[in-house]
Amino acid sequence: MDIRIVGVSKAFGRTGALRGLDLEIRAGELIALLGPSGSGKTTLLRVIAGLEFPDAGQVYFGQEDATGLAVQERQIGFVFQHYALFKHMTVFDNVAYGLRVRRHGTKTEIAARVGELLDLVQLADFAARYPRQLSGGQRQRVALARALAVDPRVLLLDEPFGALDAKIRRDLRRWLRELHDRTGHTTVFVTHDQEEAIELADRVAILNGGRIEQVGTADDIYDRPATAFVMSFVGDTSAIPVGFDGHRPSFEGRSFDTCLLGPHRGPGLFYVRPRDVEVTAPGAAAITGKVRTVHRTATGLRTQISPGKTDTLIEIELDNSATVKAGTEVGLRFLRGRLFET
Amino acid sequence: MSQRPLPPPTAATERPVTRLCLTAIALAFLALFLVLPVIVVFSEALAKGVAVYLETFDDPDARAAIELTLLVVAISVPLNLVFGVAASWAIAKFEFRGKSLLITLIDLPFSVSPVVSGLIYVLLFGSQGLFGPWLEAHGIKILFALPGIVLATIFVTFPFVARELIPLMQEQGSLDEEAALTLGARGFRIFFTITLPNVAWGLLYGVLLCTARAMGEFGAVSVVSGHIRGVTDTMPLHVEILYNEYNFVAAFAMASLLTLMAVVTLAAKTVLEMHYGDALARTTRI
């Protein structure tokens, strides 16, 4: 089922508001809503679920206008960040809850369906346990089975791995991807972890301040960031203010050579990834920078350099054999970078 | 209290002597003010033997008092259960105007002297009161009858269930209810399958406290009851009457029943806490 969100606005007291947001979710895809906290990603998910109603705009489920539909009528599956399992019910009863409410078949049919789902999430042996007897990862899987039980038109997950430790997170992530490939549910999940979003999702929607900044695949987001926000939010970036001489960007009055990506040609902010920065002898490049700090890491030297007279810090990782010292001057060459208007 | 191992001694821990003294003082206080009275009640009640003790309950007035008290409890506790659950549900799960006013009002019976609570009903329903003439004209008797006693009891015991549930429900938030919503459940079903089971122990404890207080309420009931022997005398009022008549055995026998109720409540509370330790301890205020 494809979902269209058209011009949705939702005002709140402080954060998490949506401001005229548009988004198309394709049938069967796994899409991530990625953004800093307060960007509105959870609110958007709750608007799709019907747990919040927008002040303006429409939500379409396929051809159907679902804007006014109550949450019970939308047939969605929702997995909460902290699982929200029913504490006083066994795993079996938790998963069966939706089926019983919706009267999906007889007692034996429900039992069979719950068994199937518990097999799917590899918890068949845990049916009689209570949530408090399960680990975090197991609880998350119960929550998923419960959400899948009613055969939802769309599966919505709010920070599904937020409360788990790193190792379980990675395993569960891979497992969820496989599960999605097998069941083919249209799935939307919220995360603030860009690595998680890009590894797991077919497409990533990046939110900022209640609006979508960009929707695209990992390649789109990394290689063709649509806005300065996307460029700086996804992956490490440094930015310096530059002018433009008609052909080349200039920094503090001196034009420099670089491969310019993106459409904008003119003064603005020049964004560069650390791997595209080269350190040379002072004077060998158009831009001079002052080395602020040098720290040893497992793989090399983490070096912070501020170009020209600015306080901007460009953080790059140099080879272990590099001979930079804090307080000295170096030349900086930018192999490629992207210009955005300010 | 739940059974937790004592923390290891730290620099802030008092010396053994100090600790011993403090504990002794606390225990002595408890013995003097709580344990001793209970012992006195039972020893006075049984002063002339078990036979005399049991005989006092054969008195028709005593029986009437016990029956009246049980009737009052049977009416006021279920009503307060419903009111309390409704009020805490509204306060914990919804935002509305006047919410803090409602919370303050629920606490009112705690801060008002029970005698004043009783007087309110006299002023409202007494023959000189606001509705008195009208009620009299229609032959409805509230004061010096069962309705007045029930009203006064409900007023005094109103906070017990609500006060027990509000913090519990607030702490639990609405996540479980939202989960049930997404699974297709609606209002009443969510309430009975999710909300209520989540607060079951706290609710039971609130009802126990409410019952104990409803049985034992003296001040408010005393004002509205009219002390008609065998008709509007509840157990606590009957204790007073017997005592004033120097009928000590009967007075203490009746008092022993009320004490027993208190002990049962305490025992039940302990059992509940063993089951349900941390959540209950956190939210118990009274």
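Here, helices (DSSP H or I runs of at least four residues) and strands (E runs of at least two) are numbered from the N terminus, and contact means heavy atoms within 4.5 Å. These legends describe a predicted model, in which local features need pLDDT of at least 70, side-chain atom pairs count only at pLDDT 80 or more, and totals for chains, interfaces and linings use all residues. Residues are numbered from 1 along each chain as its sequence is written, chains are lettered from A and ligands numbered from 1 in the order in which they are written, and side-chain values use heavy atoms, with hydrogens and water left out.

**View 1. Helix H4 of chain B and its packing partners.** Let's start with residues 99–111 of chain B, the 13 residues of helix H4. From first C-alpha to last, H4(B) reaches 19 Å, close to the 18 Å expected at 1.5 Å a residue; the expected span is 1.5 Å times one less than the number of residues. Look for its buried residues, B:Lys99, B:Ile106, B:Asp107 and B:Pro109. Buried means under 20% relative accessible area, exposed over 50%, and partly exposed in between, using a 1.4 Å probe and protein chains only. These buried residues pack against helix H3 (60–93) and helix H7 (146–172) of chain B.

**View 2. Helix H3 of chain A under cover.** Eight of the eleven residues of H3(A) are buried, so this helix is largely enclosed by the rest of the structure. The buried residues are A:Val91, A:Asn94, A:Val95, A:Ala96, A:Tyr97, A:Gly98, A:Leu99 and A:Val101. Their cover includes H4 and H5 of chain A, together with helix H8 (175–182) and helix H9 (187–198) of chain B.

View 3. Just after H3(A), A:Arg103 takes a positive phi of about 55 degrees. A:Arg103 sits in the loop between helix H3 (91–101) and helix H4 (107–120) of chain A, and counts as exposed at 67% relative accessibility. In chain B, turn to B:His227, a residue other than glycine whose phi is positive, near 50 degrees. B:His227 belongs to the loop between helix H11 (219–225) and helix H12 (235–244) and is partly exposed, with a relative accessible area of 30%.

**View 4. The nonpolar cores.** A nonpolar core is a set of buried Ala, Val, Leu, Ile, Met, Phe, Trp, Tyr and Cys residues joined through side-chain atoms within 4.5 Å. In the largest one, with 46 residues, A:Val95, A:Leu118, A:Leu144, A:Val204 and A:Ile206 touch the most other members. Helix H5 (residues 136–149) of chain A gives the most to this core, with seven residues. Zoom in on A:Leu144: leaving aside residues up to four places away in sequence, A:Leu144 touches A:Val79, A:Leu155, A:Leu157, A:Trp175, A:Leu176 and A:Leu179. A second, separate core of 40 residues includes A:Ile48, A:Val59, B:Ala179 and B:Ile190.

**View 5. Helix H10 of chain B.** Here are the 17 residues of H10(B), residues 200–216, which reach 24 Å from first C-alpha to last, close to the 24 Å expected at 1.5 Å a residue. Among its buried residues are B:Gly202, B:Leu203, B:Tyr205 and B:Met215.
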